[in-house]
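Please read the notes below with the coordinates open.

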Amino acid sequence: MTVKKTVVIIGVNGKTRTALANELAKAGYRLLVAGSDPTQYSRLYRYIKTNIPDAEIEEVACEKEACWEADMIVLAISRNAFPELVEKVKEVSTQKTVLCLSDDKTGNYFPFSEAQEIQQLLPFSKVVAAFNNGLSPEMLIAGDDKESVQQVAAIVEAAGYEPIVAECLSTIKTL
């Protein structure tokens, strides 16, 4: 029997976040949606259940609990929210892929410098940054763990983006 991989998606609405969640649900991943604003993650939950009625998706009020259950953590949160969230999930994110997702050309989400900072705050996690400027189909991806980067690239491609794998997160220049 194959065990389903579990992915938690934490954060605000965004085209990329929704596309990734949709593709993960289609691929049979178990999804958890969480965040500080229940209306935001409830909206994603309803969208997925409407489009993929048999999707295994659950709303979880506590980000730490959701991250504890997950194999991969997707962060689509604003810059000012990440220090508090990272502190909450630090002890349950060890050896997990943490995807810092940005799809906003205005810089409201993670540029690579914040992903680098998260990697320092979560030294035993595998942080991968993915950035789309909202204008092109390309998604720039960087991370220090090759297996995690490949996993994210495959998900990004399935969501309709063209993954462009950059250099290691630890050496990439700040956007």
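1. In helix α4 (residues 82–89), the buried residues are F82, L85, V86 and V89, where buried means under 20% relative accessible area, exposed over 50% and partly exposed in between, with a 1.4 Å probe and protein chains only. Helices are DSSP runs of H or I with at least four residues, numbered from the N terminus. Seen down the axis of α4, these buried residues fall within an arc of 100 degrees, so they line one face of the helix; the arc is that of the directions from the helix axis to the C-beta atoms. On the other side of α4, E84 and E87 are exposed.

2. This is a predicted model, in which local features need pLDDT of at least 70 and side-chain atom pairs count only at pLDDT 80 or more, while totals for chains, interfaces and linings use all residues. Residues are numbered from 1 along each chain as its sequence is written, and side-chain values use heavy atoms, with hydrogens and water left out.

3. With a disulfide taken as a pair of cysteine sulfur atoms within 2.5 Å, the count is zero. The sulfur of C67 is 8.6 Å from the closest cysteine sulfur, in C62, too far for a bond. C67 is buried at 1% relative accessibility, whereas C62 is partly exposed at 37%.

Definitions and conventions
Helix = DSSP H or I, 4+ residues; strand = E, 2+ residues; numbered from the N terminus.
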